[in-house]
Amino acid sequence: WSFLPVNLFEQLIRPANFYFVCIAVMQKIKPVSISEGKMTILLPLCFVLTVSALKDAFEDHKRHVADRKENEREYLVLNPDSGRFRKRQCQDIRVGDVVKVLDDQSYPADLLMVYASSDGGYSYVETANLDGETNLKIKMVPECCTSYLIRQEQGQNQQQQQQQQQQQES
């Protein structure tokens, strides 16, 4: 509903288009006009505005399709009830969700990295979609997350070792 008025406004705030609208209005005034009050510039102006509006509509449609495709992309999100990762569409990811990003996978938004599979707790991130730079940037896991996760892993490893010993004993 709002495309036409917004697009017309965007077209008319451009200095060249505004100039030709003023010329068209002045052509209607007989004492000022050299075209005897006929708005001869109106047809070419309407053609330019129509072509620009069609181009903008096409670009808006392409952007809408790309946004829908991105919003329907699935990511692994931690389910707090079961403790397992489940697939969820990007549009359903909320603030506070834990998202598992796999190797060479794009991700939907700003994320805080709380774990990296590398020994140093770092990963390489390409931000070409944001700033156009194709070089990789190093991102580090914050120290608070690293120490917590190391303790968690050690506890899980100890539990697994105890379970294996119990299985061997029985």
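This is a short tour of a predicted model, stop by stop.

**Stop 1: H1 against H3**

Select helix H1, residues 3-12, and helix H3, residues 42-71. Their axes lie 10 Å apart. The packing angle is about 120 degrees. Angles of 65 to 115 degrees count as roughly perpendicular and those over 145 as roughly antiparallel, so H1 and H3 are oblique to each other. Their crossing is right-handed.

Now show the side chains at the contact. From H1, pick Phe3, Asn7, Leu8 and Gln11. From H3, pick Leu49, Ser52, Ala53, Asp56, Ala57 and Asp60. Colour the residues of this contact by type: 5 are nonpolar, 3 polar and 2 charged.

**Stop 2: Ser52**

Stay on H3 and centre on Ser52, which is found in that helix. Is Ser52 buried or exposed? It is buried, with a relative accessible area of 14%; the cut-off for buried is under 20%. Leave out residues up to four places away in sequence, and Ser52 touches Gln11 and Arg14. Gln11 is already on your screen, as one of the H1 residues in the contact with H3.

**Stop 3: H2 against H3**

The axes of H2 and H3 are 10 Å apart, and the helices pack at an angle of about 150 degrees. Angles over 145 degrees count as roughly antiparallel, so that is how H2 and H3 run relative to each other. The crossing of H2 and H3 is left-handed.

Which residues meet here? On the H2 side, select Asn17, Phe20, Val21 and Ala24. On the H3 side, select Leu42, Leu45, Val48 and Leu49. The residues of this contact divide into 7 nonpolar, 1 polar and no charged.

**Stop 4**

Select Tyr19 along with Phe20 and look at the rings. How many aromatic pairs does the count give? The count comes to 1. Tyr19 and Phe20 form an edge-to-face pair. The ring centres are 5.2 Å apart, with 75 degrees between the planes. Planes over 60 degrees apart count as edge-to-face, so the angle decides the label.

Tyr19 is partly exposed, with a relative accessible area of 48%. Phe20 is partly exposed too, at 34%.

**Stop 5: Glu36**

Check the backbone. Glu36 has a positive phi of about 60 degrees, although it is not a glycine. Most residues other than glycine have a negative phi. Is Glu36 buried or exposed? It is exposed, with a relative accessible area of 62%.

**Stop 6: Leu78**

Move on to strand E1, residues 74-79, and select Leu78 within it. Leu78 counts as partly exposed, at 27% relative accessibility.

Leu78 and Asp97 are 19 residues apart along the chain, yet their C-alpha atoms are separated by 6.9 Å.

Finish with the surroundings of Leu78. What does Leu78 touch, not counting residues up to four places away in sequence? Select Gly83, Arg84, Phe85, Arg88 and Val98.

Note on methods. Residues numbered from 1 in each chain as written. Predicted model: local features only at pLDDT ≥ 70, side-chain atom pairs only at ≥ 80, totals over all residues. Heavy atoms only, no water. Axes fitted to C-alpha atoms, helices over the stretch in contact; angles between N-to-C directions. Helix = DSSP H or I, 4+ residues; strand = E, 2+ residues; numbered from the N terminus. Parallel < 35°, antiparallel > 145°, perpendicular 65-115°, else oblique. Left-handed = near helix turned anticlockwise from the far one by under 90°. Contact = heavy atoms within 4.5 Å. Nonpolar A, V, L, I, M, F, W, Y, C, P; charged D, E, K, R; others polar. Phe/Tyr/Trp six-rings, centres within 6.5 Å; stacked < 30°, edge-to-face > 60°. Buried < 20%, exposed > 50% of the residue type's maximum accessible area, 1.4 Å probe, protein only.
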